[in-house]
Protein chains: 2
Amino acid sequence: MAEQLAAARATGLRERKKRRTRDSLLRVALELFTTQGYERTTVDEIAEAVEVSQRTFFRYFASKEDVAFTVVSMVEARFLDAVRARPAHENPLTALRNAVTWAWESVGEAIEAVVPIELHMRTYQMIESTPALLAVHLRRSTELEDAIAAVIAEREGLDVDEDLRPRIAVAAFGGVMRLTGRMWGQREDASLEAIREMTARCLDHLEPALGGDWT
Amino acid sequence: MAEQLAAARATGLRERKKRRTRDSLLRVALELFTTQGYERTTVDEIAEAVEVSQRTFFRYFASKEDVAFTVVSMVEARFLDAVRARPAHENPLTALRNAVTWAWESVGEAIEAVVPIELHMRTYQMIESTPALLAVHLRRSTELEDAIAAVIAEREGLDVDEDLRPRIAVAAFGGVMRLTGRMWGQREDASLEAIREMTARCLDHLEPALGGDWT
DNA sequence: AGATTAGTGACAGCCACTGACAGTTGACGA
DNA sequence: TCGTCAACTGTCAGTGGCTGTCACTAATCT
């Protein structure tokens with residue numbers, strides 16, 4: 001985050017070079033992952049395409065998985081900020097809902113600064129359809145949920161470890177969000193428009209689904 | 001499932017031998033995982049302790065992770081059966097809740113038939129606290145949720161792909177269940193009693209947490 | 001008993017990842 | 001402008017999970 005802003009204005013030749021190789025590694029990796037599949041892409045292959053050694057790849061990214069989630073975590077951070085920014089008078093679920101809506105409307109340019117949006121969309125779908133990555137994605141999601149629960153608890157002036165409601169509300173909300181992502185991943189229409197619409201639709205069904213009778 | 005019943009009555013020498021090595025591999029693996037940690041245990045080590053080749057380990061278990069989830073998936077299957085067995089008049093959330101309660105009350109002996117319960121408890125806590133395993137656990141959980149959603153949909157005479165409510169209800173429920181498991185994993189008290197009580201407590205908070213104001 | 005077949009071990013190899021060491025090249029003060 | 005320092009990188013060797021192959025042993029079948 002901060003380092004990207006710092007690197008945006010040309011600091012030094014060294015910095016710029018570093019940023020270039022990192023960007024190249026990222027873009028080439030995602031491109032290879034999405035075209036030929038995650039498992040069928042080796043780290044050697046990525047490194048070779050960028051003309052660096054495999055060792056260098058691992059100096060920029062902690063693991064092969066790590067590359068796949070670079071952009072995703074930017075988006076997540078943005079969503080978390082959005083939750084923090086919601087006015088205090090909104091009740092928890094409303095705040096969460098408005099935060100998602102706002103986040104989906106504004107991530108566009110943030111993503112584009114690093115990789116083409118369309119590449120990110122394909123990446124997301126690849127994550128959803130690659131077991132090993134899906135697993136990591138889910139774990140990361142619960143970590144995010146933890147952070148969100150903390151924010152919600154603070155908004156309401158509660159202790160997260162005392163009152164279960166923040167965590168539970170976020171867990172339920174998170175469950176629905178993951179369902180949304182999954183359904184979107186299975187679709188052909190991979191536009192921001194589509195995911196926004198699907199999000200709204202799923203959230204509309206949350207409360208009725210938990211009600212007693214479904215008549 | 002079926003193969004275990006079949007193997008219970010001594011079929012042939014071959015079968016019995018197979019079952020013995022499989023059981024040994026399972027038990028030794030879990031024991032090593034829980035005492036010295038998952039990452040710090042190598043497959044070679046497990047194989048050596050059971051006096052088979054590493055290759056043989058992989059003939060019984062698809063992966064190192066696979067061993068860790070053997071018992072867990074038995075429990076999950078049992079829960080799924082419990083959901084199927086709930087009387088039709090119960091509404092979705094009630095049926096799910098009763099199914100969990102019943103499952104936690106009856107898994108005991110089923111587990112004990114394979115490994116000591118206490119070993120399974122430690123295994124579960126290890127899964128929760130090992131990032132790589134937690135990730136896989138979460139993915140497996142969503143697969144289970146899929147199956148449950150299908151059952152719920154059928155109970156209510158709905159099409160899972162048509163009406164979103166089954167999936168959403170299960171997603172929310174699943175979110176809460178995972179929260180339960182996690183909280184339990186962080187506790188010292190690793191008894192079946194404790195997890196049952198925690199389950200009830202979390203589920204009691206589900207509906208109030210989704211309500212408008214938390215006053 | 002002999003033919004068949006399942007189960008196994010030994011070995012070779014792929015790939016993700018790590019540590020150690022040495023070479024290169026920007027940064028920066030003299 | 002020129003070294004010197006520190007950062008960045010490549011090479012190499014090694015570990016651990018996992019797979020394919022092949023020959024060998026032993027349980028099962030006829």
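**View 1. Residues around DNA strand D in this predicted model.** Here 19 residues surround DNA strand D, and the closest are R55(A), T56(A), G12(B), S63(B) and K64(B). A residue is near the strand if its C-beta atom, placed from the backbone, lies within 6 Å of it. This is a predicted model, where local features need pLDDT of at least 70, side-chain atom pairs count only at pLDDT 80 or more, and totals for chains, interfaces and linings use all residues. Residues are numbered from 1 along each chain as its sequence is written, while chains are lettered from A and ligands numbered from 1 in the order in which they are written.

**View 2. The surface near DNA strand D, by element and class.** At least two residues each come from α2 (13–36) and α4 (54–60) of chain A, and from α2 (13–36), α3 (43–50), α4 (54–60) and α5 (64–85) of chain B. Helices are DSSP runs of H or I with at least four residues, and strands are runs of E with at least two, numbered from the N terminus. This surface has nine charged (Asp, Glu, Lys, Arg), four nonpolar (Ala, Val, Leu, Ile, Met, Phe, Trp, Tyr, Cys, Pro) and six polar residues (the others, Gly among them).

**View 3. The two domains of chain A.** Chain A, with eleven helices and zero strands, is divided into domain 1 (1–61) and domain 2 (65–215), bounds that come from an automatic or database domain assignment. Eleven residues of domain 1 of chain A are in contact (C-beta atoms, placed from the backbone, within 7 Å) with twelve of domain 2 of chain A. On the domain 1 side, eight of these residues are nonpolar, one is polar and two are charged.

Methods
Two residues are in contact if their C-beta atoms, placed from the backbone, lie within 7 Å.
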